[in-house]
Amino acid sequence: MPRPTAAQLAYGSSTVIFSTLAMLLLSQTSSGVGISVIALAALALGLLVSMTVPLPRSRATASAEAHTAAGTPDSPERVETVQSVQTVAAVEAVEERVPTAG
């Protein structure tokens, strides 16, 4: 099981603190049962928030996803793009070498 990141701890803790304060102020409860229900609800909310914070991806995973999103090297679209860029570069090189008559 992976360890929680600093962001997860920070978001979860701040959620627990602020939601507890807000619920205590809004409910104006002074009974022990009410305070414990609010505290349990705040802890559950903090846990939910901390678990929904996205985990950092490893570099290998991020580069593999970027490579997949860009298209595989053998995809027809990528091959056509590379060929058209090479063709345009070749035509421009020829046009620079050949003097124009006129």
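Helix α1 (residues 6-27) and helix α2 (residues 32-52) pack at an angle of about 150 degrees, and their axes lie 8 Å apart. Here helices are DSSP runs of H or I with at least four residues, numbered from the N terminus, while axes are lines fitted to C-alpha atoms over the stretch in contact, with angles from 0 to 180 degrees between N-to-C directions. α1 is therefore roughly antiparallel to α2, a term for angles over 145 degrees. The crossing of α1 past α2 is right-handed, that is, the near helix is turned clockwise from the far one by less than a right angle.

The table lists the residues that make this contact (heavy atoms within 4.5 Å).

| Helix | Residues in the contact |
|---|---|
| α1 | Q8, Y11, G12, T15, V16, S19, T20, M23, L24 and S27 |
| α2 | I35, I38, A41, A42, L43, L45, G46, V49 and S50 |

These residues divide into 11 nonpolar, 8 polar and no charged, where Gly counts as polar.

The model is predicted, so local features need pLDDT of at least 70 and side-chain atom pairs count only at pLDDT 80 or more, whereas totals for chains, interfaces and linings use all residues. Residues are numbered from 1 along each chain as its sequence is written, and side-chain values use heavy atoms, with hydrogens and water left out.

The protein has 4 helices and 0 strands. Of its 102 residues, 13% count as buried, meaning under 20% relative accessible area with a 1.4 Å probe.

In the loop between α1 and α2 lies Q28, whose phi is near 50 degrees, a positive value in a residue other than glycine. Most residues other than glycine have a negative phi. Q28 is exposed, with a relative accessible area of 69%, exposed being over 50%.

Notes
Helix = DSSP H or I, 4+ residues; strand = E, 2+ residues; numbered from the N terminus. Parallel < 35°, antiparallel > 145°, perpendicular 65-115°, else oblique.
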